[in-house]
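Thanks for coming. Please have the sequence and the structure open.

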Amino acid sequence: MAKVLEFHYDLLSQPCRAVYLFLKCSGVQFKGHTLSILKGEHMKPEYLKINPFHKVPVIIDGDFILAESAAIMRYVATTKLKAADDHWYPKADAKKQARVDEFLHWQGSAIRAHCITVFLGMFKAKIDIDGTGKKPLDVEKDQAAKEEIKRGVQNIADYFLKDQKKQKKQFIAGDKVSAADILGVCELYQLHGVDQLESLVKSNPDVKAWMERVEKALGREWNTANAVVNSVREQYMTAK
């Protein structure tokens, strides 16, 4: 009997939430192992034996260990999903697959890097996360990252969603949600944790509508995956 896929994750992490939603919504069974990045559990020796790069997410499939969210979703789609579930990472349509890959490669530097800069900078300025005190916000760095996020959001609307406007398709690669949509909304939703989602992202009506379509397509798992971010936002909003 094949071993169940093992999944190491922290739902405070955008890529972890994306893989979690991908696994849950595509029906892939897994054994979850949670850890806390804020508590430094990703730096413990036992975890470094699994991933020496001390990052999450990671999957273990038998004797095969794989990190990086995009690689994990591609691997799972290739090895675990039925043909009927091809929309998560289209293999039967080369153009759709290429569009998904394009977004997965693009978002890392265009979206993720800047969202995490804003999130960590603003959060650490109000919350002492490691007992060493709050960290002053680097205003110049924060503003530069916010401008890049606005640019990236506009690029999503003007480039990645342009065909959706013309052809009335709902998602990045067509009529059904894909790995690209999941990873994109998870990266952007991180800004909710520091009350920046509305001003930086949802102020763009096309991107707001796309995010709402993705959230609806993911169903109840969306709320489960984002419970940690929502809790962090409450902590942030009530901090003095």
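This is a predicted model: local features need pLDDT of at least 70, side-chain atom pairs count only at pLDDT 80 or more; totals for chains, interfaces and linings use all residues.

Let me start with aspartate 195, which forms a salt bridge with arginine 233; the closest N and O atoms are 2.6 Å apart. Aspartate 195 sits in the loop between helix H7 (179–189) and helix H8 (197–202), while arginine 233 belongs to helix H11 (residues 227–238), so this pair ties together parts that are 38 residues apart in sequence.

How many salt bridges does the structure hold? The count is 10. I will show two further examples.

One is lysine 80 with aspartate 61, where the closest N and O atoms are 3.0 Å apart. This pair links distant parts of the chain, 19 residues apart. Lysine 80 is in the loop between helix H3 (69–79) and helix H4 (94–126), and aspartate 61 is in strand S3 (residues 58–61). As for accessibility, lysine 80 has a relative accessible area of 33% and is partly exposed. Aspartate 61 has 14%, and because the cut-off for buried is under 20%, aspartate 61 counts as buried.

The other example is aspartate 86 with lysine 91, whose side chains meet in a salt bridge at 3.4 Å, N to O. Here aspartate 86 is buried, at a relative accessible area of 15%, whereas lysine 91 is partly exposed, at 36%.

Now to the helices. Two packed helices are described by the angle between their axes and by the distance between those axes. The pair to look at is helix H5 (residues 139–160) with helix H9 (residues 205–218). They pack at an angle of about 80°, and their axes are 8 Å apart. Angles of 65 to 115 degrees count as roughly perpendicular, so that is the term for H5 and H9.

Which residues meet in this contact? From H5 there are Val153, Ile156 and Ala157. From H9 there are Asp206, Val207 and Trp210. Sorted by type, the residues of the contact of H5 with H9 are five nonpolar, no polar and one charged.

To recap, we saw aspartate 195 paired with arginine 233, lysine 80 with aspartate 61, aspartate 86 with lysine 91, and H5 roughly perpendicular to H9. That is the end of my part.

How values were computed. Residues are numbered from 1 along each chain as its sequence is written. Side-chain values use heavy atoms; hydrogens and water are left out. A salt bridge is a side-chain nitrogen of Lys or Arg within 4 Å of a carboxyl oxygen of Asp or Glu. Helices (H or I, at least four residues) and strands (E, at least two) are DSSP runs, numbered from the N terminus. Buried means under 20% relative accessible area, exposed over 50%, partly exposed in between (1.4 Å probe, protein chains only). Axes are lines fitted to C-alpha atoms, for helices over the stretch in contact, and angles run from 0 to 180 degrees between N-to-C directions. Angles under 35 degrees count as roughly parallel, over 145 as roughly antiparallel, 65 to 115 as roughly perpendicular and the rest as oblique. Contact means heavy atoms within 4.5 Å. Ala, Val, Leu, Ile, Met, Phe, Trp, Tyr, Cys and Pro count as nonpolar, Asp, Glu, Lys and Arg as charged, and the others, Gly among them, as polar.
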